[in-house]
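Hi,

Here is the structure I said I would pass on.

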Amino acid sequence: LSLVSDAASDHLLKMPPTNSNQPLVSNMMKRNIIGQSVFQSISLLLVANFADELFSDNESDSDHNMYKRTIAFNFIVCQTLANQFCMRKVYGEYNFLRGLSRNTWFCAVTATEFVLQVIIMTFGNSVFDLVSISFSTWAIMLSIAFCGVWSFQICLNAGYWYWTTGSLFPIFSGPDFHERKELKNPIVTNYGTVE
């Protein structure tokens, strides 16, 4: 959804076609998938285990396990929503929010997913074995999920750029950088040559 709902940029349309022997999932995509999976799993375990300290909801002892399952379920969905924004860009761009206002399909689907999650958390208590959580818990959970996922994605991108170019902030004219191992010719940009 994140990739196919964005319109192709002029720069992307001017890029040469990829070799049919190249894998569909690039090394950058593999790094994003593995990195975000590990980060989100660890942060989910931390949030679920420290839910009592992080959130101020008062729950009875009999509902303690249900409360932790509710926190875990809601946190997974919040992280997934945050990750959708990161996955819109696959060339290591730092500004993965660029062009978001022009992509009405992505905005509508993401908003619908969020509204459905609120409905499930509010009215789906008996169906999904969830407990109600307070507004402050929602705010803290969304803050942790979005800030965590987005900052980790920026760190992944910074690591990619440092590994491939030796600089954390390369100046380039568009998403025309590829894996260092896949480069056969240096990339010429408006600002010089990247080897």
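Predicted model: local features only at pLDDT ≥ 70, side-chain atom pairs only at ≥ 80, totals over all residues.

Below is what I found, going from the whole chain down to single residues.

The protein chain has seven helices and two strands. If you follow the chain from the N terminus, the order of elements is α-α-α-α-α-α-α-β-β. The chain has 195 residues, and 34% of them count as buried. I also looked at contacts between residues at least 6 apart in sequence: 66% of these join residues at least 24 apart.

Next, a helix pair. Two packed helices are described by the angle between their axes and the distance between the axes. Here the pair is helix 2, residues 27–49, and helix 4, residues 64–86. They pack at an angle of about 150°, and their axes are 9 Å apart. Angles over 145 degrees count as roughly antiparallel, so helix 2 is roughly antiparallel to helix 4. The crossing of helix 2 past helix 4 is right-handed.

Which residues meet there? On the helix 2 side you will find Gln36, Gln40, Ser43, Leu44, Val47, Ala48 and Asn49. Helix 4 brings Lys68, Ile71, Ala72, Phe75, Ile76, Gln79 and Asn83. Sorted by type, the residues of this contact come to seven nonpolar, six polar and one charged.

Asn83 is a handy one to click on, as it lies in helix 4 and is part of that contact. Its relative accessibility is 17%, and under 20% counts as buried, so Asn83 is buried. Leaving out residues up to four places away in sequence, Asn83 touches Gln36, Gln40 and Val149.

Leu45 is in helix 2. Is Leu45 buried or exposed? With a relative accessible area of 55%, Leu45 is exposed.

Asn157 has a relative accessible area of 2%, so it counts as buried. What does Asn157 contact, setting aside its neighbours within four places in sequence? The answer is Met28, Asn32, Gly92, Glu93 and Tyr94.

How many disulfides does the model have? The count comes to zero. Cys86 is at 1% relative accessibility and so counts as buried. Cys155, on the other hand, is at 52% and counts as exposed.

One backbone detail to finish. Asp129 sits in the loop between helix 6, residues 125–128, and helix 7. Its phi is near 55°, a positive value in a residue other than glycine. Asp129 is partly exposed, with a relative accessible area of 43%.

Cheers

How values were computed: Residues numbered from 1 in each chain as written. Heavy atoms only, no water. Axes fitted to C-alpha atoms, helices over the stretch in contact; angles between N-to-C directions. Helix = DSSP H or I, 4+ residues; strand = E, 2+ residues; numbered from the N terminus. Parallel < 35°, antiparallel > 145°, perpendicular 65-115°, else oblique. Left-handed = near helix turned anticlockwise from the far one by under 90°. Contact = heavy atoms within 4.5 Å. Nonpolar A, V, L, I, M, F, W, Y, C, P; charged D, E, K, R; others polar. Disulfide = S-S within 2.5 Å. Buried < 20%, exposed > 50% of the residue type's maximum accessible area, 1.4 Å probe, protein only.
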